[in-house]
Each structure stands twice: as structure tokens, then as C-alpha cells.
Amino acid sequence: MKPIQVGLLGIGTVGSGVFSVLTRNQEEIQRRAGRGIRIHTVADLNTARAKELVQDNAQIVSDARSVIQNPEIDIVVELIGGYGIAKDLVLEAIAAGKHVVTANKALIAVHGNEIFKAAQNKGVMVAFEAAVAGGIPIIKALREGLSANRIEWIAGIINGTTNFILSEMRDKGLDFAVALKEAQRLGYAEADPSFDIEGIDAAHKATIMSAIAFGVPMQFSQAYVEGITNLSAIDIRYAEQLGYRIKLLGITKKTPIGIELRVHPTLIPSKRLIANVEGAMNAVQVFGDAVGTTLYYGKGAGSEPTASAVIADLVDVTRLLTADPENRVPHLAFQPNAMQNWPVLAIAEVTTSYYLRLSVADQAGVLAEITKILAGHSVSIDALLQKEANEGENKTDLVILTHETKEKNMVLAISEIQELKTVFGEVTKIRLENLS
Ligand code: HSE
């Protein structure tokens with residue numbers, strides 16, 4: 001049978017990985033897909049570099065639209081990134097009746113609803129395994145492997161840059177700014193690292209997983225997003241003394257009143273497998289009512305790990321090409337007419353545990369005042385750590401771990417605690433999840 005013809009839009013890090021893995025493993029891939037998968041044309045503004053990479057094995061053009069309009073091309077792979085031109089090209093490819101594979105998490109999280117609607121109307125597939133956690137087949141697991149379950153929650157380390165920085169802070173006792181510089185020097189963080197360190201990249205990925213897990217639309221604009229820029233090395237140390245590690249987690253949960261969708265630094269017990277995911281690695285923990293806890297681990301970025309996910313999508317699309325659109329796996333796991341409009345809860349309504357660090361006067365009655373305020377807002381204390389004051393100093397650090405409570409209770413309690421004359425500076429608050 002004639003090979004499937006692919007048009008590659010963009011041949012940067014991921015695109016070159018797709019080209020070399022497809023070339024290297026073509027025989028094995030063909031045995032799986034049932035027919036060959038061939039890169040017909042590569043579109044890239046840097047045609048000289050593209051030529052160097054693919055040589056005479058594919059046509060090279062600078063105009064992506066000519067790929068989309070080429071009747072010989074069956075699948076368009078979008079590896080340009082961002083929500084600008086990439087969005088136009090994906091929608092144009094769908095309108096031209098092409099199936100689309102993309103690694104673009106920002107595009108899917110922000111414009112996915114529009115894109116899937118267009119794809120459904122046109123009867124084409126849009127596959128996006130590479131958009132979440134790079135090489136880890138988490139979309140496949142959520143969409144197909146776990147389809148018997150009511151998924152209750154997902155918690156993931158889904159940004160390698162921030163996990164690398166947090167690992168460095170913990171291992172070497174570095175402050176955030178120093179660890180970030182180190183990450184940039186080693187190529188783990190970009191020159192402008194804001195999407196990663198502010199949690200936006202993780203929120204894109206959490207949004208996508210939330211939609212597929214619960215059968216709801218993409219709701220990126222409703223996600224609560226807090227990055228790691230304000231995290232201190234001291235909190236990582238205190239957390240460790242209490243048996244916890246701090247990770248930037250993307251969390252989504254289904255509760256009786258709505259969906260939680262949030263990204264923030266989180267204490268998790270050191271004994272959990274996911275707490276031991278270090279460096280730039282990713283991991284996603286999923287809890288389903290039938291299966292219980294499952295954990296997926298691997299490289300969340302990089303040329304060939306991401307190419308692995310893109311090519312898996314190419315194989316899927318190739319296999320399903322002849323199936324009627326209604327017999328294919330739905331884009332968002334649930335049948336389009338069975339999607340539900342569950343609201344994303346405001347952060348004030350989220351229920352979680354907390355780590356608090358306070359700088360307090362080392363004198364009689366201070367602890368009593370603080371615990372009274374917490375009790376007044378129904379916040380129950382789980383553990384407490386007080387350091388001996390340094391000699392000659394009349395203040396010390398007090399660290400409190402709480403049981404679960406609503407965020408709004410905690411916010412009110414903290415604002416009252418801050419009023420105390422015996423509490424100095426800002427109270428540090430970090431959320432805590434037991435993941436049990
Ligand atoms: N910048 C991402 C990360 C990789 O650090 O994990 C691509 O999503």
C-alpha cells in the first residue's frame with residue numbers, strides 16, 4: 001500500500017527528532033501502522049537548515065500553506081508552537097480535510113475547543129500526545145487505557161525546567177535565582193524562562209489532562225496558576241525535615257461541586273514515588289476508582305522523546321484513517337455529545353492541606369494565640385516544628401502543617417495571624433497534598 005504522506009510544519013528540535021526516528025525505525029513503524037509513513041514535505045523558514053537535516057529525502061519549502069494545500073499530503077504535523085500562526089495553519093489544515101498531529105500544548109489548551117469542533121465538523125483527527133509530558137504516553141493512557149474508570153484526580157510533575165530547578169535547590173541548598181541560572185547554563189531553561197517558572201506551561205498541560213479525564217471543555221482561563229519564583233530554599237529544608245518534598249504540581253480533581261484545576265508548588269510526602277522524580281524528568285499520577293493509583297514516568301521534553309509521541313500519533317491516525325469518524329477514539333476521550341460543563345472552582349473554594357512558616361517572637365503565649373486563630377477558622381493542625389531561637393535573638397521560625405481545609409478559611413486565618421504583634425513579616429503559605 002502507498003505510504004502515508006506527511007507534511008511537517010517546522011523542523012526545529014522536535015521536527016528533526018521526528019525525521020530521524022521515522023527514518024531509523026521505519027520498518028518497525030510500518031509493521032505497526034500497516035503501511036509506511038513518509039515525510040513528503042518539510043516547511044520551514046530556514047530552508048538551508050531543513051535541507052541539511054533531510055537532504056534529498058523530502059521536499060523543502062518555506063511556505064507552510066503550500067503543504068496544507070498539497071493534495072498529496074494526508075497528515076499535517078504542526079511543530080511551530082505558540083498560538084499565532086500555528087492556530088491559523090491548524091484550522092486551515094482541518095478546513096482542507098487534512099488530519100493534524102501537533103505537539104502544541106498552548107494551542108490545544110487555549111484554542112482546543114474551537115479546533116476540535118472544526119475537526120469534528122470536517123471528520124478529521126487532531127492528535128496531540130506530544131502536548132503533555134513529551135514522551136510519556138499519558139494522553140493514550142487517559143483516553144483509552146483508563147476508560148473504564150471514573151477518574152478522581154491527576155497530579156503531575158509536568159514541567160522539567162522547574163523540576164530541575166527544585167531538585168537543584170534541594171540537593172545543593174541553592175536559592176531560586178542561582179538554580180535558575182544553573183538551569184539556563186545547562187540548557188534546561190530558556191533565556192526567557194517565564195512560561196516555565198511562572199507555571200503557565202504546566203497549566204496548559206494540566207488543562208488538557210483535565211478535559212480528557214473528566215469530559216469537560218478546555219478551561220485554561222479558569223486555571224489557578226502559581227509558579228516557583230517565590231519559593232525559598234529554607235522552605236525546601238523545613239519540608240524535608242518534616243518528611244516532605246516540594247514539587248511544582250499540575251493538579252486536577254473532580255469534586256461534587258466542580259473541578260479543581262491548579263498549578264502551584266506543593267509539599268508531597270517524600271515516601272511517594274512521585275516525590276522522588278528528580279531533575280528534568282516528568283511524572284503523572286492518576287487515580288481512577290477502579291484501578292486505584294497509577295503512575296507514568298519519563299522524559300517530558302527533548303528531540304526524540306517528543307518525537308516518540310508525535311510518531312505514535314502518526315501511527316494512530318494511519319491505523320484509523322479508514323474508520324468512520326464516529327468509530328474513532330473521540331478527540332477528548334468522551335463522545336462530543338456527552339461532554340459536560342463542569343465549572344472550575346475558584347481557588348478560594350479548593351480544599352487542601354497547608355504548610356505555613358511564620359517568623360514569631362520567642363515568648364510565652366505566642367503559639368497559643370496562633371493556634372486559637374487557626375481553630376477559630378476550623379483549621380486543624382497536623383504537625384508543628386519550632387526551631388530554637390538563635391542566641392541573642394528573640395525570634396524564631398514556626399512551621400505548621402495543617403489538615404485539609406478550604407483555601408478561604410486559611411486565607412482569613414492568615415490575615416488575622418499577620419495582625420499579631422508577635423508575628424513578623426509575611427506568613428509563607430504552601431499547599432500540601434498527601435496523594436493517597
Ligand atoms: N518547557 C517544558 C519543560 C518542555 O520544561 O518541561 C516542553 O513542554
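Ser-210 lies in helix H11, which spans residues 200–214. In this predicted model, the residue is buried, with a relative accessible area of 3%. Beyond its neighbours within four places in sequence, Ser-210 is in contact with Gly-215, Val-216, Thr-252, Ile-259 and Leu-261.

**The chain as a whole**

The chain contains 15 helices and 17 strands. Its radius of gyration is 24 Å, which agrees with the value near 22 Å that a compact globule of 436 residues would have. Along the principal axes, the C-alpha atoms fill a box of roughly 80 × 45 × 35 Å.

Of the 436 residues, 53% count as buried. The accessible surface of the chain comes to about 18,900 Å², and carbon and sulfur atoms account for 49% of that surface.

Helix H12 covers residues 233–241. Within this helix, Ala-233, Asp-235, Ile-236, Tyr-238 and Ala-239 are buried. After H12 comes Gly-243, which has a positive phi, near 90°.

**Two alanines with positive phi**

Positive phi values also occur in residues other than glycine. Ala-133 is one of these, with phi near 60°. This alanine is placed in the loop between strand S6 (126–127) and H7. Ala-133 counts as buried because its relative accessibility is 0%, and buried means under 20%.

Ala-333 has a positive phi as well, near 75°. Its position is in the loop between helix H13 (303–320) and strand S13 (351–361).

**Asn-149 and the segment it meets**

Asn-149 is situated in the loop between helix H7 (138–145) and strand S7 (151–157). With a relative accessible area of 17%, Asn-149 is buried. Not counting residues up to four places away in sequence, Asn-149 touches Gly-288, Asp-289, Ala-290 and Val-291. The C-alpha atoms of Asn-149 and Gly-292 are 9.2 Å apart in space, although the two residues are separated by 143 positions in sequence.

Ala-96 is in the loop between helix H5 (85–95) and strand S5 (99–102). At 34% relative accessibility, this residue counts as partly exposed, since that class runs between the 20% limit for buried and the 50% limit for exposed. Setting aside residues up to four places away in sequence, Ala-96 touches Ile-68 and Gln-69. From Ala-96 to Ala-64 the C-alpha distance is 13 Å, and the two alanines are 32 residues apart in sequence.

Asn-434 belongs to the segment after strand S17 (423–432). Its relative accessibility is 33%, and Asn-434 therefore counts as partly exposed. Leaving out residues up to four places away in sequence, the contacts of Asn-434 are with Tyr-244, Pro-269 and Arg-272. Thr-352 is 82 residues from Asn-434 in sequence, with 9.2 Å between their C-alpha atoms.

**Accessibility at the residues described**

The table collects the relative accessibility of individual residues discussed above.

| Residue | Relative accessibility | Class |
|---|---|---|
| Ala-133 | 0% relative accessibility | Ala-133 buried |
| Ser-210 | 3% relative accessible area | Ser-210 buried |
| Asn-149 | 17% relative accessible area | Asn-149 buried |
| Asn-434 | 33% relative accessibility | Asn-434 partly exposed |
| Ala-96 | 34% relative accessibility | Ala-96 partly exposed |

How values were computed. Residues numbered from 1 in each chain as written. Predicted model: local features only at pLDDT ≥ 70, side-chain atom pairs only at ≥ 80, totals over all residues. Heavy atoms only, no water. Helix = DSSP H or I, 4+ residues; strand = E, 2+ residues; numbered from the N terminus. Rg over C-alpha atoms; globule rule 2.2 N^0.38 Å. Buried < 20%, exposed > 50% of the residue type's maximum accessible area, 1.4 Å probe, protein only. Areas by Shrake-Rupley, 256 points an atom, 1.4 Å probe, with all protein chains shown as cover. Contact = heavy atoms within 4.5 Å.
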